[in-house]
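Hi,

Here is the structure I promised to pass on to you. My notes follow below it; have a look and tell me what you think.

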Amino acid sequence: NDFFEVSLGLDAEAAQKEAARCLQCKRPLCVEGCPVGVKIPDFIRVLKEEGADGALSVIKSTNFLPAVCGRVCPQEKQCESRCVLNKTGAPVAIGLLERYVADHGSVTVQKTDEGRGKRVAVVGSGPASLTCAAELARRGFAVTVLEAFHAAGGVLVYGIPEFRLPKALVQQEIERLKQFGVDFELNTVVGKTVTVEQLLEEYHAVFLGCGAGLPKFLGVEGEGLNGVCSANEYLTRVNLMQAYKPKSVTPVQRGKSVAVIGAGNVAMDAARTALRMGAESVSVVYRRGRDEMPARAEEIHHAEEEGVRFCLLTNPVRFVGGERVEGVVCERMELGEPDASGRRRPVPIEGSEFTVPCDMAIVALGTVPNPMIARSTAGLAVSERGTLLVDEAMRTSVKGVYAGGDAVTGAATVILAMGAGKRAAQTIAEDLSSDDGK
Ligand code: FAD
Ligand code: SF4
Ligand code: SF4
């Protein structure tokens, strides 16, 4: 019921025991399951033989934020899902080992002068941008990060709650980047405060890592009632604006009976946050079944343990109330034939309407990119979904402008955003070295 980290990780003895379980496979399938190809058997071997410093240096050669990934990667769908030990029992706890190494090791990264001080503007400060900035700064480029909010870190600070990812860890990485020479300009909304065209006059290249922060809504009756809000707004107010502190200058409504619509990581974070904000009952309302819930297994497990109630195969059709929301009218669903996504389509059961009473409803149905930058930048190509279009090397349709992370893929994962930031940095470095530049 508090905001301290829930999952405590491994101690030294448990880490060594877990590392000893790794078979050091000649063809490590676990590495194929990691979107950035962390050298998993290598870091585990070095952890056993030399300790955390050496192991961290192996991990950091491919992953800039292991303390974050060790905590929030969906390992059960990535590296750990491919571990050969799944055939006989539990996989090696790769995420927990990565977290242990990141929390206990230290490493010094060397700078090169490949970039010769050429200037790059990095828009946004989430995992895509932080990785891009780190890779470019390491190569000797002069990097400025421009962030709309008053704090850097993107979803890592405004979305994922403290009890899952302590903000001090993210701050530590940002301080390291500052020591590496990266400048941070906060409260700077690109597309309003300054345009991409203006940035191109001042910088040799621009990276857009502006995420997908615009929430989707159901579009049903009553969604405008007081007490109905998006998970993004709720989590930003509680995490970034620290509304959970008793003397917060920006308090939020503390619902007693809360309905959360959706079943992804964002929904689990909102539900668990609402409990910590004093709710007596929190119900997750989801139109498909348990197997289809998109959240990480660990988050669902923790939510259940903490007392969140799951209303599955339940579709919200309207919100009801007077001035404030008083309930969500729902219909029961059954699973029909698979749809285009391969998942069985939920079909309403006629005459099954019932009401989930609530004094607060949090809508967590996913997000799309904010159109502000695309609308204010001539020639910047976007998809029908509003995501920025890039080639394989992360170049956009505008020369000198690159993009990656959720702004390109739509809402995805931290590690995919980091992989994109790294690929873009590589392309920027190559393009600027083959370019006479300004
Ligand atoms: P973001 O992290 O969204 O960062 C974008 C940044 O750009 C923001 O700081 C924003 O303020 C800034 N920005 C936007 N527009 C502008 C502008 N015009 N000018 C200047 N700055 C701008 N992923 C996982 O892997 N595991 C999880 O457990 C997990 N849980 C999540 C929980 C929540 C609540 C949320 C919302 C997401 C979660 N995700 C999780 C998804 C993951 O956090 C994102 O995929 C990832 O952060 C995307 O990184 P990014 O750098 O592309 O964008
Ligand atoms: Fe696994 Fe994520 Fe680490 Fe890759 S970065 S090894 S997917 S925890
Ligand atoms: Fe170790 Fe599993 Fe990877 Fe094999 S697949 S190297 S056992 S973590």
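Glu-304 sits in helix α13, residues 297–306 (helices are DSSP runs of H or I of at least four residues, strands runs of E of at least two, numbered from the N terminus). With a relative accessibility of 35%, Glu-304 counts as partly exposed (buried is under 20% relative accessible area, exposed over 50%, partly exposed in between, with a 1.4 Å probe and protein chains only). Leaving out residues up to four places away in sequence, Glu-304 touches Arg-290 and Phe-310 (contact means heavy atoms within 4.5 Å).

A word on the basis: this is a predicted model, where local features need pLDDT of at least 70 and side-chain atom pairs count only at pLDDT 80 or more, while totals for chains, interfaces and linings use all residues. Residues are numbered from 1 along each chain as its sequence is written, chains are lettered from A and ligands numbered from 1 in the order in which they are written, and side-chain values use heavy atoms, without hydrogens and water.

Now the sheet: five strands form an open, parallel arrangement in the order β6-β14-β7-β8-β9 (strands pair if DSSP finds at least two bridges between them). β6 (228–230) and β9 (309–311) are the edge strands with a single partner each, so one side of each has no neighbour in the sheet. Between β7 (residues 257–261) and β8 (residues 281–285) there are five bridges, and Val-260 has Val-284 as its bridge partner in β8.

Best wishes
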